[in-house]
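Student: Please take me through one part of this model, slowly and closely. I would like to see how its residues are placed.

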Amino acid sequence: MRILADSVAHVEDPDTLRARLAADGYLYFRGLLPPAPVAAAADMARAVLVARGWADTGTGPAGGTPGAVDARETVGELAYRRAAGSAELNRLPYLRPLRSLVRSLLGEDAFSYPVKVLRAVHPEGDRVPQGRYVHQDYMGLVVEDMLTSWIPLMPIPWQLGGLAVLPGSHLGAPLPAQVLDIERAEAEGWASTEFSIGDVLLFHCLTSHAALPNRSDRLRLSQDCRWQSAHQPAPARMIYGSKGERDGEAMHRLLGAQPWWEPVPATLRFQADDVRDGGSVARSRFFPVAHPELWAEGVRTPPERRDPVARVGLGTSRTRSG
């Protein structure tokens, strides 16, 4: 498998970063974030999960079967919700190196969606976790030039698995949802690496990505969130939660008093109800989009037909980056 190209040397050069993003569909930064807050987020998440019945050595909640669950299937559990709602975990996208980086690419009005997603993935057993399926985040949210940041919360060697991307896939047609086969991935030029605490992988919403299998004997912990420019309409459910009650953005009551919290821009507009019926097609300010009609067709395809795995939500339905 190809090794992700490190762009940390160009972090102060947005023109070079935009050119790399346009060519490859991703940007990888080794050691972008200070390790201490990332480690603190991991320690908090692991402590909450283990204290409430999860194990860190290959079993799911209450001693369940290894590989039987991943974070997207356990969002209703109190342990997961407490870990995912911790201040330590939610603070990470607000750290200056990451937030400044994204704004240098998308503009000063760029913001992250209120819900930041915790991934707690057990060793792979008989059942393949959702994140192992090839997918593109655009299909779930229909926001052009949306970016996803993926942060490993622990050292992730090859055996533990990490996130892989297919460089250049954003320049072609959308790929079907299927389990990422390692041998095929190596032949097709997929890229990943052994991740360290402080690393950040940033990728475009049209870029195909999938998680590698966790072949270790412990949990794999990571966090991801999505970013967009306030100049674009946003999916209301990503701001207010899946219930759509617009009495305050998601997570505000829990975290709004934190000194690092930033509310979404007050001028933000929201997508029309018919956006999934063809009201929007894939386009980008970074690169020419090939086959926009196929992206629009993929958006209109019902989730149960385009995705072999049922998706559940925590105000973030249809988002799942392993």
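Tutor: Buried means under 20% relative accessible area, exposed over 50%, and partly exposed in between (1.4 Å probe, protein chains only). This is a predicted model: local features need pLDDT of at least 70, side-chain atom pairs count only at pLDDT 80 or more, and totals for chains, interfaces and linings use all residues. Residues are numbered from 1 along each chain as its sequence is written, and side-chain values use heavy atoms, without hydrogens and water.

Take helix 2, residues 35-51. Helices (H or I, at least four residues) and strands (E, at least two) are DSSP runs, numbered from the N terminus. The ends fit: 17 residues at 1.5 Å each should span 24 Å, and the end C-alpha atoms are 24 Å apart. That expected span is 1.5 Å times one less than the number of residues.

Now look around helix 2. Pro37, Val38, Ala41, Ala42, Ala45, Arg46, Val48 and Leu49 are buried. They lie on the same side of helix 2, because their arc around the axis is only 165° (directions from the axis to the C-beta atoms). On the other side, Ala36 and Ala51 are exposed.

What do the buried residues of helix 2 pack against? Their partners are helix 3 (78-84), helix 4 (87-90), strand 4 (117-121), strand 5 (147-152) and strand 10 (220-228). Contact here means heavy atoms within 4.5 Å.

Finally, see what comes after helix 2. Gly53 follows, with a positive phi near 105°. Met251, which is not a glycine, also has a positive phi, near 75°. So does His291, at about 55°. At 39% relative accessibility, His291 is partly exposed.
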